[in-house]
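Biologist: Hi! Could you walk me through this structure in plain words?

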Amino acid sequence: MPPVNPASVPLSPAARWSRRADPFRPRRPVRLSSPMRRRGLAIGIDIGGTKVAAGLVDSSGRVLAEVRRSTPGQNPREVEAVIVDLVRELSAEKHVWSVGIGAAGWMDLAGSTVLFSPHLAWRNEPLQANLERLLKRRVYLANDADGAAWAEWRFGAGAGESRLVCITLGTGIGGAMIMDGRLERGRFGVAGEFGHQIIMPQGRRCECGNRGCWEQYASGNALGREARELAAANSPVAQELLRSVDGRIPDITGAVVTRLALDGDRTAVELLGEVGEWLGLGLANLAAALDPGMFVIGGGLSDAGDLLLEPTRRSFSRNLTGRGFRPEARIEKAALGPAAGMIGAADLSRVAARR
């Protein structure tokens with residue numbers, strides 16, 4: 001039997017993804033090399049389930065102009081049309097170097113194909129090629145959490161930190177890593193799904209299909225659920241929660257609890273503290289595996305500030321492997337707010353286009 005030529009053996013989908021070029025995997029660590037210092041304007045677009053936001057971003061991370069549209073259903077062609085409209089509006093009479101697209105989901109390592117998006121009907125969608133044909137500009141695709149982490153590392157709370165983990169607390173938990181000046185996306189481009197580490201075996205059922213995922217205990221959804229359960233039990237300590245929504249228990253969300261906590265409601269503060277304890281435990285697990293210098297906490301739940309972060313820091317210190325005999329990563333609130341994903345997508349596109 002003649003020997004098999006390895007080059008003739010068809011590659012699996014995973015192997016094909018791993019062989020794609022990744023512009024954020026240099027041979028040596030990158031620290032603000034010439035592509036990152038490139039001046040000029042880029043457009044960052046943040047695609048969500050209900051809105052598409054676009055911003056004109058300069059090389060220092062400032063958003064010079066911003067426009068928004070409603071997300072037009074799930075049809076990929078309709079979403080592309082909205083993106084084209086936003087880019088043309090922002091780039092009128094301006095020279096725009098590149099366009100970055102940030103969205104929830106998995107992108108291939110080349111930043112060209114959306115492998116899967118939970119909000120949109122994108123499955124192996126060649127979005128980069130489609131948009132470059134329509135816009136006549138370089139386009140780069142990024143996961144929204146990757147974009148936010150990149151922005152915080154370049155321009156925000158994580159500036160100057162060589163090893164950064166960014167955690168986004170919203171409906172669930174998003175995550176991303178910057179390691180020695182590069183965006184770490186894993187072998188197949190899907191790293192950072194920290195919210196689905198199993199932190200409580202046989203715990204609450206998660207939308208991913210598993211039980212006990214971290215985001216079931218340390219997210220905005222988790223905070224709202226705990227508050228609703230307390231209100232449904234007609235607990236005397238939940239009366240302010242009920243009054244704040246005129247007795248409509250389904251209207252109690254994580255945002256409502258956060259607002260009450262900031263106003264001094266003791267029950268809301270206690271609920272936030274419990275979420276902070278779970279958050280700190282999960283961060284301690286990540287520190288044991290990744291050993292970052294800083295965790296940056298963003299997303300809507302981070303609006304609670306130290307009401308969330310102080311119990312998080314205490315829990316982190318208490319659960320950290322080797323505590324007392326090792327340096328501890330700092331835990332800080334994100335600095336760029338909701339614009340982080342847009343800023344990061346724009347800057348990533350500028351760097352990728354230059355390379």
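Predicted model: local features only at pLDDT ≥ 70, side-chain atom pairs only at ≥ 80, totals over all residues.

Biologist: Thanks! So is W278 buried or partly exposed?

Modeller: W278 counts as partly exposed, at 24% relative accessibility. Y217 is buried, with a relative accessible area of 12%.

Biologist: And how far apart are the ring centres of Y217 and W278?

Modeller: Their centres are 4.6 Å apart and the planes sit at 35°, so the pair is tilted. Rings of Phe, Tyr and Trp (its six-membered ring) pair if their centres lie within 6.5 Å; planes under 30 degrees apart are stacked, over 60 edge-to-face and the rest tilted. Y217 lies in the loop between β11 (182-184) and α6, and W278 in helix α9, so the pair ties together parts 61 residues apart in sequence. Helices (H or I, at least four residues) and strands (E, at least two) are DSSP runs, numbered from the N terminus.

Biologist: How many aromatic pairs does the structure hold?

Modeller: Four. One of them is W106 with F116, whose centres are 6.1 Å apart with planes at 55°, so that pair is tilted.

Biologist: New topic: which residues touch the most other members of the largest nonpolar core?

Modeller: I167, W214, L283, F295 and F316 do, in a core of 42 residues. Such a core is a set of buried Ala, Val, Leu, Ile, Met, Phe, Trp, Tyr and Cys residues joined through side-chain atoms within 4.5 Å. Helix α9 (266-290) is among the elements that give two or more residues to this core, and α9 gives the most, with nine.

Biologist: What does F295 touch?

Modeller: Its contacts (heavy atoms within 4.5 Å) include V165, L283, F316 and I331, not counting residues up to four places away in sequence.

Biologist: Which residues of α10 are buried?

Modeller: L308, L309, P311, T312, S315 and F316 are. Down the axis of α10, the buried residues fall within an arc of 170° (taken from the directions from the helix axis to the C-beta atoms), so they line one face of the helix. Among what covers them are β9, α9 and β12.

Methods:
Residues numbered from 1 in each chain as written. Heavy atoms only, no water. Buried < 20%, exposed > 50% of the residue type's maximum accessible area, 1.4 Å probe, protein only.
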